Every structure is written in C-alpha cells, then in structure tokens.
Amino acid sequence: MEQFFLKLSIMLVPALMAITCHEVSHGFVADRLGDRTARYMGRLTLNPLKHLDIFGTLMVFIVGIGWAKPVPVNFHNLRNPKRDMIWVAGAGPVTNFLLALVSAIVMRGLAALGEGFPDGSPVQTFLDPLILMSAFSVYINLLLCIFNLIPLPPLDGGRVAVGLLPYRQAEMLARVEPYGMIIIIILVFFTNIFSTVISPMLDVGISILAGPQSKLVYSVTHFLMR
C-alpha cells in the first residue's frame, strides 16, 4: 500500500496536467477561431475536476495512457471549419510536446543541481520527487502526443487528416469516427502497433529531449508502471 501511494504521488500531478492541458488547448484554439462552446460550458479552465474522466484517468495508472472528457467543439462555428479543424485538433499534441520539452528541461536542470549534494541531504530529499515527477511528465506527454497523432478519428491525428485531405477522401475518413475508438482499442490491445510504431517514436523523443537523463525516464516509468 505504501508503494501504491508513492507511485500515485509521482504520477498524479503530471498525468492530470498532461490530459487537462491537452483538452484546454483544443477549447482555447477553437475559442480564438470563432467557436465559444468550451467557454460557455466553463471548460476553458485548468481545474482538472472540470475535465476529469474517472475511467480515463485510471487508465493512466493501469496501462500508461489515458484521457479526459473531450472539450466540446462545434466545428460549424469556426470561421473556416475545414482549415480551422487542423489547428484545433493539432493543438492537443503540440501542447503535450511542449509540456514534455519543459519537463525535460526541468528534469535535466534539477538532476544537475542535485549532483552537487550528497544523497540523503535535505536538498536532495526535496529535489528527488520533483525529478521523478518531471521524468514521468516527459514520458506521459510524449506518449499522449504520439498516440493522438494516429491518423484515425476521433484522435487528433484523424481530424488533422480530415482537414488536410481532399473533400471526398476527407468525407470517407470522417465516416470512420463512430467506430474509431473500437478500431483504436483493437489496434492497441490486439496488434503490435505499440511495439512497432509508437514505442520506437517514443524512444526517439525521449532520447532527444532527455539526453543523458533518458535512462532516468525509463527507470522511473518502469517502476511506476510495473
């Protein structure tokens, strides 16, 4: 039980920030491009309780990836629905990438700072949980960024593809959306898409952002997810 609460204390804040900021970014960009739906429904807030999906949050701790309640967007209210859909959908993965970048900078900075203090010192005791949280933040944000770029609606990558494709092909892809989550579940749990596509991309992202602290990201994630 003690280990469970230790893991929870490390994972909770980064996970909530990752999924909350992802959803708020969709609503913020939509609001700027003409759709006020998220604003009127009180979803342009970083209060995670406004966005929390209990099952989606639990999945972060079970399988390492989760979701929040989608921020409502009425694409018909956008000034240029087909073009603006690209910006609204792309805002989520871009936000997660930026959070991963900031987390990596913080992690590397804190790790370098901690090297100047002996293990068990008050400063090291203070820094350790912050380093672990930022390391997990690198992982979860990169994973959400990459996963959401799968070009299949209702994932963000699918909606970006709908906005980029010619009308006929976009219409065909959009028709997949009602069945999209079923297809995604099948791909994730019954194919090797994670090991052959997502994981290699994740490895490249961690290597670039975390640099010499890449092993720390992997060791923290392995400890938290086992």
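# Briefing on helix packing, salt bridges and selected residues

At 33% relative accessibility, Asp203 counts as partly exposed. The residue belongs to helix α9, which spans residues 193–210. The structure is a predicted model.

- With a relative accessible area of 33%, Phe194 is partly exposed.
- When neighbours within four places in sequence are set aside, Phe194 is in contact with Leu143, Ser199 and Pro200.
- Phe194 and Gly180 are 14 residues apart along the chain, and their C-alpha atoms are separated by 17 Å.

**Packing of α1 against α4**

- Helix α1 covers residues 2–32 and packs against α4 at an angle of about 145°, the two axes being 8 Å apart.
- The crossing of these two helices, α1 and α4, is right-handed.
- On the α1 side the contact is made by Met17, Ala18, Cys21, His22, Ser25, His26, Val29 and Ala30.
- On the α4 side the contributing residues are Trp87, Val88, Ala89, Ala91, Gly92, Pro93, Thr95, Asn96 and Leu99.

**Packing of α1 against α5**

- The axes of α1 and α5 come within 9 Å and cross at roughly 35°.
- This crossing of α1 and α5 is right-handed.

**Nonpolar surface patch**

- Val94, Phe97, Leu98, Leu101 and Ile105 make a nonpolar surface patch of about 440 Å².
- Leu101, one of the patch residues, lies in helix α4, which runs over residues 81–114.
- Leu101 counts as partly exposed because its relative accessibility is 32%, between the 20% limit for buried residues and the 50% limit for exposed ones.

**Salt bridges**

- The structure holds 5 salt bridges.
- Side chains of opposite charge can pair when their charged atoms come close.
- Glu177 and Arg159 meet through their side chains in a salt bridge, with an N to O distance of 2.4 Å.
- This pair links distant parts of the chain, 18 residues apart: Glu177 is in helix α8 (residues 177–190) and Arg159 is in helix α6 (residues 156–164).
- Both partners count as partly exposed, Glu177 at 28% relative accessibility and Arg159 at 24%.
- Arg36 forms a salt bridge with Asp31, in which the closest N and O atoms are 3.9 Å apart.
- Arg36 counts as partly exposed at 31% relative accessibility, whereas Asp31 is buried, with a relative accessible area of 7%.
- The side chains of Arg175 and Glu171 also meet in a salt bridge, at 3.9 Å from N to O.
- Arg175 counts as exposed at 56% relative accessibility, while Glu171 counts as partly exposed at 33%.

**Cis peptide bond**

- The peptide bond from Pro153 to Pro154 is cis, with omega near 10°.
- Most peptide bonds are trans.
- Pro154 is found in the loop between α5 (122–148) and α6.

**Buried loop residue His51**

- His51 is placed in the loop between α2 (37–40) and α3 (54–63).
- His51 counts as buried because its relative accessibility is 1%, under the 20% limit.
- Not counting residues up to four places away in sequence, His51 touches Thr20, Glu23, Val24, Arg43, Thr45, Ala68, Lys69 and Val71.

Conventions. Residues numbered from 1 in each chain as written. Predicted model: local features only at pLDDT ≥ 70, side-chain atom pairs only at ≥ 80, totals over all residues. Heavy atoms only, no water. Patch = residues over 30% accessible without salt bridge, like charges linked within 9 Å, V, L, I, M, F, W, Y side chains within 5 Å. Areas by Shrake-Rupley, 256 points an atom, 1.4 Å probe, with all protein chains shown as cover. Salt bridge = Lys/Arg side-chain N within 4 Å of Asp/Glu carboxyl O. Helix = DSSP H or I, 4+ residues; strand = E, 2+ residues; numbered from the N terminus. Buried < 20%, exposed > 50% of the residue type's maximum accessible area, 1.4 Å probe, protein only. Axes fitted to C-alpha atoms, helices over the stretch in contact; angles between N-to-C directions. Left-handed = near helix turned anticlockwise from the far one by under 90°. Contact = heavy atoms within 4.5 Å.
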